[in-house]
Every structure is written in structure tokens, then in C-alpha cells.
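Dear colleague,

I am handing over the structure below, together with some notes on what I found in it. Please read the notes beside the coordinates.

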Amino acid sequence: MKRIVLFLLIAAGGSFLAFAAAGCGGGGAGGGRVSALPSSSCGAVRYAGSGDPDYLIASDLPLQGASRALTTQMASAIELVLSMVDWKAGDYKIGYQSCDDSTVQAGSWDSAKCTANARSYANDKDVIGIVGTFNSGCAKLEIPIDNRAPAGPLGMISPANTYPGLTISGPGTEAGEPDNYYPTGNRNYARVVWNDQFQGAADAQVAKQLGLKKIYLLTDKETYGQGIATLFQTYAQKLGLTTTPSTPQAWDKAATSYEAIAGKIKASGADAVFLGGEVCNSGGKLIKDLRAGLGPDVQLLGPDGWTPISATVQGAGTAANGMYITQPGIPSKDLTGAGKNFVADFKAKYGKEPDPYTNYAAQATSILLDAIAASDGTRASVTEGLFNVNVKDGILGKFSIDENGDTTLGTVSVYIVKNGEGIFRNTITPSLSFVKG
């Protein structure tokens, strides 16, 4: 498959053209300005190439709440990748809009916003592909809508969704998945991040490495949180660890106190707690109450829902110290080849090293642009190009995306919170035989 080479020299002082929604008419492949997505959810069209864009890509991320610092950085990475290829995908000129699927009230993704966004993408004939979503629960709503898009299934490639049932059946999924997300019978969704079967396995191996014996399971009841808690339970038991209760205990994100939960954990005799959920769901208060009720000797473990770690620390303060948190991939400083070059360019432009998930957003964008470049300009052709992809020197290294839309990347980084920041500890790559066996 034809690959786009990322040019790593960025023109200094280049300016961006922003097309306001009110000033955009028709267009599409034949030329002219594209029809912008609604300003109620999306920023202005970003484009700095010659002439007018032929098509739009959009990102769908929660730009409000605890994840804002990370997701705005991810949007910047998407724009940076586009600038590296002169806002082109092969012969097609590509504009970009950053869209928000969150609300201030929710402090995270919102089901109504996700649904409305998906309909906007599906009905705007100039939208050729989506980078997103960030949250798996939002993806559950958007995938089937864009699968039935009027001009053909609209391709989505996620840098962050880890819920397994979006692409496969098996452990940690629900009945009818993944087929119920693809009403046309054709897949339109892929991802560059591994699914939670790998993360659940890695988290269980972390617990084993730490010498833990009995782990109490908590979940925020969201799609992601419930799934990762169940998967952790499955793999921990495979390693001979004890988990309790038999069904993960839910925490109410609207609660004002979690002292009762801390009391149950203490009475169970558990030496650790696995927090299956996200920092935005009252996570800081939960950690504070658990630490106050359990003391410093009960270990807290969290999956990537507790990233960015800065948000966890901001919410929990010193109570987060000693918590272990996992995240997909390897630290930005350890990337090589195209990844090392991207990190250097990102630091030069934005003054800081990108978060690992920012690298995933950049990689997802690169694959989408490759699919557009190799297409005949139709949505169906672009969508087809997101599957059975082999990346030889990508931002994330060498990997493939299979016929289901899943990646072969399976490495997990482990961090421990110390003095208000996440300190890298090690990486874990669960064997396929352990994950699938």
C-alpha cells in the first residue's frame, strides 16, 4: 500500500487559513470550499495549503473536563501531521476541524454530543474520515451512525478506544458485539491502540510483579471501566491471584463520600485495589477517601483511564503518591525513527514532549491520510484502506492493523506516582498466548 512520508521540516512562520462555517458553500472533490461542520461542536476549518481543501477530516475528542490538557494536545498533533504533508493526502487537499464530544456539565464525553457529532459527520459529504473517538462509550454511539452514512460507511480510526467489543468478541465483551455496531455488515472502524484484553493482562502482571495477593475490584460502571475491571479479574485469576468481590464493586461518580467503600475494602483484607474507570468520574475524591481509609500500605492500581497522570494528581493530590498506572505504548523519549522525529518536531513547535496518547493521535492521522491518498475519493474506498495495513516505520514503530481493525501493538508502560508526577517504571508486553489462551 502506498505510504505517505512525513516531512519533518516545518515551514517557519506558516499561517493557517480558518474558514468560518457561515462562509462555506459546497465543494468536495471538484474544488471550492468545503462545507464546514457545525460550530456548536467543531472549531473552524484549519487549512494552510494552496487553494481550497477538497475534503475534511475531523477529530472527535472530549475537549472539556479532566482530559482537556491531553486532548487539546492530541488535536495539535493532528494539525502538525497535516502541516508535515503540506495539507495533502496524495492528490487530495485536506482541511481539518477539531470537534468536541464533551460538555461542561459532564466534564467528559456526553452521549447526546457524541450522537449529534456522528450525524453531522455522516451528513456532511465533504467529511472523508474521522480521527476518534477518545472514549469507548462514545465510540459505541458513533460507529453505527457513521456506518450508515448516506454516502457510504464513514471511516473512523481511534487513537485511544480500548474496549474490546468495538472490534472483537470474547473476554470483556457483551453479547452481540461487535456486529451490532456495523448495521451495513461492513466495518468502518479501526484503532492504533491495543484493546483492553492486552491492558487487563498487563495490569494483572503488574500486580503479580508487585507481590500482591488479594485485589479488590472497583468500577465506575462506564463501558471502559466495567470492561477493564472484568478483564483484570480474568487475567489476575489466571496468574493465581485472588480478586474480590466476584462482581466488581461500583462507585457512584455523583457520591460526596467514598468512606463506606473504603470500609468494605478494609474488611475484605485486600492488599490492593484495582480502579477500573477514569479520573474524570470523581476519581480524585475516590483516591483521597481510599487513602484516608486504607492507609499507605494498600496498593492502588489504575489502567490508562487515570491518564494523563497530571489530572489524577490534580484531583487526588498527595493521596495519589504510590499509585501504579499503566498506559499504552512506550514513553515518547524512547521512540525511534519516524517517532523520534515526530517527538522532536512536536517539542520544537509546542515546547513540550508529547504525551504517549498524542503520539497515537499523530499515528492515527497518518494512517487515515494514507488511506485517503490511496483511495478513489469515496468514503467506501477510504474506509477500506484502514484495514490490513502494514506500517514499517510509523510514529509508533513497526506494526499492522488486521481485518478487524485491531493493531498488533501490545506494549504497556507502567508508571508510579511520586511527588506529584508519573515516574516511568518499566514496560510489559503480554504474550499473545496469555492474552488469548
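Two terms are needed first: pLDDT is the predictor's confidence in each residue, from 0 to 100, and a contact means heavy atoms within 4.5 Å. The model is a predicted one, and its chain averages a pLDDT of 92, with 92% of the residues scoring at least 70. Over residues 1-17, however, the pLDDT is below 50, although this stretch has 42 contacts in the model beyond near neighbours in sequence. Residues 19-32 likewise stay under 50, and for them the model has 32 contacts beyond four places in sequence. Where pLDDT is low, the predicted coordinates should not be read in detail.

Turning to the sheet, seven strands form an open arrangement in the order β12-β11-β13-β14-β15-β18-β19, with mixed pairing. Its edges are β12 (242-250) and β19 (421-428), each of which pairs on one side only, and neighbouring strands are turned by 25 degrees against each other on average, direction ignored. Within it, β14 (residues 299-302) and β15 (residues 324-328) run parallel and are joined by two bridges, and G302 stands opposite I325 in β15. Helix α10 (residues 356-373) packs on the sheet, where it touches β15 and β18, and its direction makes about 15 degrees with that of β15. Helix α4 (residues 196-209), by contrast, runs at about 100 degrees to β19.

As for helix α2 (residues 111-123), its 13 residues should span 18 Å at 1.5 Å a residue, and its end C-alpha atoms are 19 Å apart, which agrees. At its start, a side-chain oxygen of D110 reaches to within 3.1 Å of the backbone nitrogen of A112. The buried residues of α2 include K113, N117 and Y121.

Best regards

Key. Residues numbered from 1 in each chain as written. Predicted model: local features only at pLDDT ≥ 70, side-chain atom pairs only at ≥ 80, totals over all residues. Heavy atoms only, no water. Helix = DSSP H or I, 4+ residues; strand = E, 2+ residues; numbered from the N terminus. Expected span 1.5 Å × (residues − 1). Buried < 20%, exposed > 50% of the residue type's maximum accessible area, 1.4 Å probe, protein only. Polar contact = N/O pair within 3.5 Å; in protein donor to acceptor, adjacent residues only side chain to side chain. Pairing = 2+ DSSP bridges. Axes fitted to C-alpha atoms, helices over the stretch in contact; angles between N-to-C directions.
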